[in-house]
Amino acid sequence: MPVPTIYFLRHGETEWNALGRLQGTRDVPLNARGRGQAVHAAGVLADLFKREGKDRAALPYVSSPLGRARQTMELLRGKLALPAADYSLDDRLREIGYGVWEGLTLAESEASDPDVYARRLADKWTVAPSGGETYAAVQLRMLDWYDSLLVDTVAVAHGGTCRALMVALGIETPASAAELYIEQGAVYVFRDRRLEKFS
């Protein structure tokens, strides 16, 4: 049976993204630039579907339950001339939780807990701040989500979940994925355990 293709989008920019604040599970709305990125990504996706001969209305669309991802999905679907609210939510797609560091910049995180910060700098995949989640745990839930897919799917989620999926599918290593910047306004296509980015 062929492996489903995933059209993966990171949510658009928020003010916390612009300020370098860790969002994690906090709900921060898109800013004007983020809304523009969502519309741009919809155009990229429409071009991909046209080239591949895919019916945009026939695919399932799924989002992280966090507001910034849902807002991105609804702008995307509106631009694709699809009913804005006709998509599903999956909690496995939520962003990595940063615990006590949520709302802080990296510099503030380091100042608040230099020991954990130093350990996490050396091993981002298995070290988490207090009350937070490790990338290794996110990788497991993303693999669980991936294994549940039956057909090609459009997903809107987060930078952390994109990195975790890359490692789960053997596209990146924990060390390489931890340092990757996941672009907003782009479409990451996971196909046959390979990855292409379109922007």
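Which residues does threonine 72 touch, not counting residues up to four places away in sequence? The first view answers this, using a predicted model.

View 1. Threonine 72 sits in helix 3. Its relative accessible area is 2%. The cut-off for buried is under 20%, so threonine 72 is buried. Not counting residues up to four places away in sequence, threonine 72 touches Arg10, His11, Gly12, Leu30, Ala38 and Val156. One of these, Ala38, is also a buried residue of helix 2. Leucine 149 lies 77 residues from threonine 72 along the chain. The C-alpha atoms of threonine 72 and leucine 149 are separated by 21 Å.

**View 2. Helix 2 from end to end.** Helix 2 covers residues 32-52, 21 residues in total. At 1.5 Å a residue, this helix should span 30 Å. The C-alpha atoms at its ends are 31 Å apart, which agrees. At the start of helix 2, a side-chain oxygen of asparagine 31 comes to within 3.2 Å of the backbone nitrogen of arginine 33. Glycine 53 follows helix 2. The phi of glycine 53 is positive, near 70 degrees.

**View 3. The buried residues of helix 2.** Gly34, Gln37, Ala38, Ala41, Ala42, Val44, Leu45, Ala46, Leu48 and Phe49 are the buried residues of helix 2. What do they pack against? Their partners include one helix, helix 3 (67-79). Strands are also among the partners: strand 1 (6-10), strand 2 (61-63), strand 4 (153-157), strand 5 (187-191) and strand 6 (194-198).

**View 4. The largest pocket.** The volume of the largest pocket is about 630 Å³. Its lining is made up of 27 residues. Of these, Arg10, Leu22, Tyr98, Leu106 and Arg163 are the closest to the pocket centre. Arg10 is also touched by threonine 72. Helix 1 (15-19), helix 5 (114-122) and helix 7 (159-168) each give the lining at least two residues. By class, the lining holds 11 nonpolar, 8 polar and 8 charged residues.

**View 5. Threonine 5 before strand 1.** Threonine 5 lies in the segment before strand 1. Is threonine 5 buried or exposed? Its relative accessibility is 5%, so threonine 5 counts as buried. Leaving aside neighbours within four places in sequence, threonine 5 is in contact with Asp152, Thr153, Val189, Phe190 and Arg191.

Notes. Residues are numbered from 1 along each chain as its sequence is written. This is a predicted model: local features need pLDDT of at least 70, side-chain atom pairs count only at pLDDT 80 or more; totals for chains, interfaces and linings use all residues. Side-chain values use heavy atoms; hydrogens and water are left out. Helices (H or I, at least four residues) and strands (E, at least two) are DSSP runs, numbered from the N terminus. The expected span of a helix is 1.5 Å times one less than its number of residues. Buried means under 20% relative accessible area, exposed over 50%, partly exposed in between (1.4 Å probe, protein chains only). Contact means heavy atoms within 4.5 Å. A polar contact is a pair of N or O atoms within 3.5 Å; within protein, one must be able to donate a hydrogen and the other to accept it, and residues adjacent in sequence count only if both atoms are side-chain atoms. On a 1 Å grid over the protein atoms alone, a cavity is a set of points where a 1.4 Å probe fits but cannot get out, and a pocket is an open set with protein on both sides within 12 Å along at least five of seven lines; lining residues have an atom within 4 Å of a point. Grid points are joined across faces, edges and corners, and a volume is the space filled by probe spheres set on the points. Ala, Val, Leu, Ile, Met, Phe, Trp, Tyr, Cys and Pro count as nonpolar, Asp, Glu, Lys and Arg as charged, and the others, Gly among them, as polar.
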